[in-house]
Amino acid sequence: MSDRTIDRVAAATPAPVARKIKGLSDRAIAWIFVGPTIFLLLAVNIFPLIWTIRLSFTNFRANRINRETEWIGLRNYERILTDLDIWLNMQATAHFLIWTIVLQVLIGFTLAYLINKNFRGSPFWTTVIVLPMMLSPAVVGNFWKFLYQPQIGLFNYIVSFFTGKDPSSFEMLGQVNLAPWSIVIVDTWMWTPFVMLICLAGLRSIPDYIYEAAEIDRASKLRQFFTITIPMVLPFLMLAVLFRGIENFKMFDLVVQLTGGGPGSTTELTSINLKREAFEKWRTGYASAYAIILFVTVFGLASIYVKALNKVKER
Amino acid sequence: MSSYTVTAPSSRQKWFAGTMVVIYALVTMIPLVWIMITGFKSPADAISYPPKVVFEPTLEGYVNLFTTRTRQTEEFLNANPPQNWADEIVRKYDMVIVGQSKFGERFMNSVIIGFGSTFLSIFLGTLAAYAFSRFKIPLADDLLFFILSTRMMPPIAVAIPIFLMYRNLGLSDTHLGMILLYTAVNISLAVWLLKGFIDEIPREYEEAALIDGYTRFQAFYKVVLPQAATGIASTAIFCLIFAWNEYAFAVLLTSATAQTAPPFIPTIIGVGGLDWPAVAAGATIFLLPVMIFTILLRKHLLRGITFGAVRK
């Protein structure tokens, strides 16, 4: 090191000042670091959203660009909300949503409770259980179609093996009364592990000393379960339900591969219906309004739910 | 070491819990095992009743997956002896292999788009997460919520304007377009997960580096990045798996050059209906990497799922 004044000055400069001289300020770095992400999200998420809102007030059709587009105000919204078929799709979605959540919570929590007993090999079996949720829903859904085949399918064979019913006497995907359940079964098979993992995190977050204290107070095991385990896991469980709820409201890939919305429109969830309007019938304006209605519904329900969740957390 | 506690489950409880979980795990594996088995069946075995567990394994499904074939007359077949083992297999059906199918290409598209978007989302996500973790950013909480809320939109809802936008920009059915799109979807998760990991690294490390004369950039990539490596790796796997599995955007926005495997596999058609062994072979090749990843990296992955969820 030389002994020049400038070096001595540099050495004596306080760190923050020196940093500013040597490089960019923290503030500038912060914006350089965050900027690209925000820009990308604006370009690919927010800009399209605004565009969708604009389109929703028109009768634009993406397959006929040269046709003059008219501004038709709220007519799209009016037509959607008074359309009986759309309410049927909403019902199909609600059926799917409610039953998948009920089943996944029940099975997922039970599994987490059992795994939390820490038996030998539990980490390995947890991994095995988690496998389905890591896989591509479209590819797996497509294969389930094979399992559900009336004569040759494995699912029908197993059901007939246990119930004695003829395996070609029922069609999971082809019968109006069974098809809504066929998609519930596959989604439950696929996503129960997710609920299980979050419940497991919840169970593991309960400190042992709470149970020890309860034991000293001679609280029965059953009572401990209902006054300690359940309330402590509840926030986690509710979070899992939120994620599954949002995901299943958007459900597209799995169901479109399994049933394609059929038979009739018994499993035509809103996303599938929306895809049909937008990319098969090319009613772009109408579909945009539909998309906005769905988005507002998810967003609204999710916000109400998050408020409830926060209340549970505070307790 | 084994002191008595009231909270530890008894060995009988453990045995019961273990049995139940193992039964569930085995049942849940049936469809996956069935996919792999079916890939090695002949088309006739695949659709036999009752479903066959014991059968003569054949590579027909894999051959059909990777090739295109045509039916030929007997004279032609007699005049041209089979060229290799794959050709020999299809001769059984009076066919000859005439070329490669599109599966290899589609699979490569999945690889390119998957890795490209993962790299980009990790690169941008790490920078943003670091900034959110370390600097005072005005409205940071609102920005973070905004980043997260972009995941609530149904893909089909965003797909309409993206379809129009890509058509105008010439991005539809291109690798770049799909990479940018998947990056935008993944980045919200990446920022949230990575912020958690970076928050755990003590600030003192960087402060020490800054005092030693490092610039912010140097402190970032020489001190913070190595510390966050595990977190970055597990976040990368999540991004990769999402991009690998994605279907809705792929089916709407790609048709030829940039089509990935998930929209392609269900369209594999054999002679007289769906060629289930070929579909199963394609599914096996496509699903197996993810399964292996999951088993090898289970610790980080399982932590990542709950970590991300519980944080939000």
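**Exercise 1. A phenylalanine in chain B**

Does B:Phe146 count as buried, exposed or partly exposed?

*Solution.* The model is a predicted one.
- Step 1: take the neighbour count. B:Phe146 has 16 C-beta neighbours inside 10 Å.
- Step 2: apply the cut-offs. Buried needs 20 or more, and exposed needs 12 or fewer. B:Phe146 therefore counts as partly exposed.

**Exercise 2. A serine in helix H6 of chain B**

Decide whether B:Ser117 is buried or exposed, and list its contacts.

*Solution.* 
- Step 1: locate the residue. B:Ser117 belongs to helix H6 of chain B.
- Step 2: count. There are 27 other C-beta atoms within 10 Å, so B:Ser117 is buried.
- Step 3: list the contacts, leaving out residues up to four places away in sequence. B:Ser117 touches B:Ile179, B:Tyr182, B:Thr183, B:Asn186, B:Cys239 and B:Ala243.
- Step 4: compare sequence and space. B:Leu127 is 10 residues from B:Ser117 in sequence and 15 Å from it in space, C-alpha to C-alpha.

**Exercise 3. Two helix pairs**

*Solution.* Two packed helices are described by the angle between their axes and the distance between the axes.

Chain B goes as follows.
- Step 1: the crossing of H6(B) and H9(B) is right-handed.
- Step 2: the contact of H6(B) with H9(B) holds 17 nonpolar, 9 polar and 2 charged residues.

Now chain A.
- Step 1: the crossing of H6(A) and H9(A) is left-handed.
- Step 2: H6(A) contributes A:Ile129, A:Val130, A:Pro132 and A:Met133. The residues they meet in H9(A) include A:Trp189, A:Trp191 and A:Phe194.
- Step 3: by class, the contact of H6(A) with H9(A) has 11 nonpolar residues, no polar and no charged ones.

**Exercise 4. Positive phi**

What is phi of A:Trp282, and what is phi of B:Asp173? Say where each residue lies.

*Solution.* Most residues other than glycine have a negative phi.
- Step 1: A:Trp282 has a positive phi, near 55°. A:Trp282 lies in the loop between helix H13 (270–279) and helix H14 (284–314) of chain A. A:Trp282 is partly exposed, with 14 other C-beta atoms within 10 Å.
- Step 2: B:Asp173 has a positive phi, near 60°. Its loop runs between helix H8 (155–169) and H9 of chain B. B:Asp173 has 16 C-beta neighbours inside 10 Å and counts as partly exposed.

**Exercise 5. Where the chains meet**

How many residues of chain B are in contact with chain A?

*Solution.* 
- Step 1: 83 residues of chain B contact 78 residues of chain A.
- Step 2: helix H1 (residues 11–38) of chain B supplies the largest share of the chain B side, 15 residues.
- Step 3: the chain B side divides into 67 nonpolar, 13 polar and 3 charged residues.

Terms used: Residues numbered from 1 in each chain as written. Chains lettered and ligands numbered in written order. Predicted model: local features only at pLDDT ≥ 70, side-chain atom pairs only at ≥ 80, totals over all residues. Left-handed = near helix turned anticlockwise from the far one by under 90°. Helix = DSSP H or I, 4+ residues; strand = E, 2+ residues; numbered from the N terminus. Nonpolar A, V, L, I, M, F, W, Y, C, P; charged D, E, K, R; others polar. Contact = placed C-beta atoms within 7 Å.
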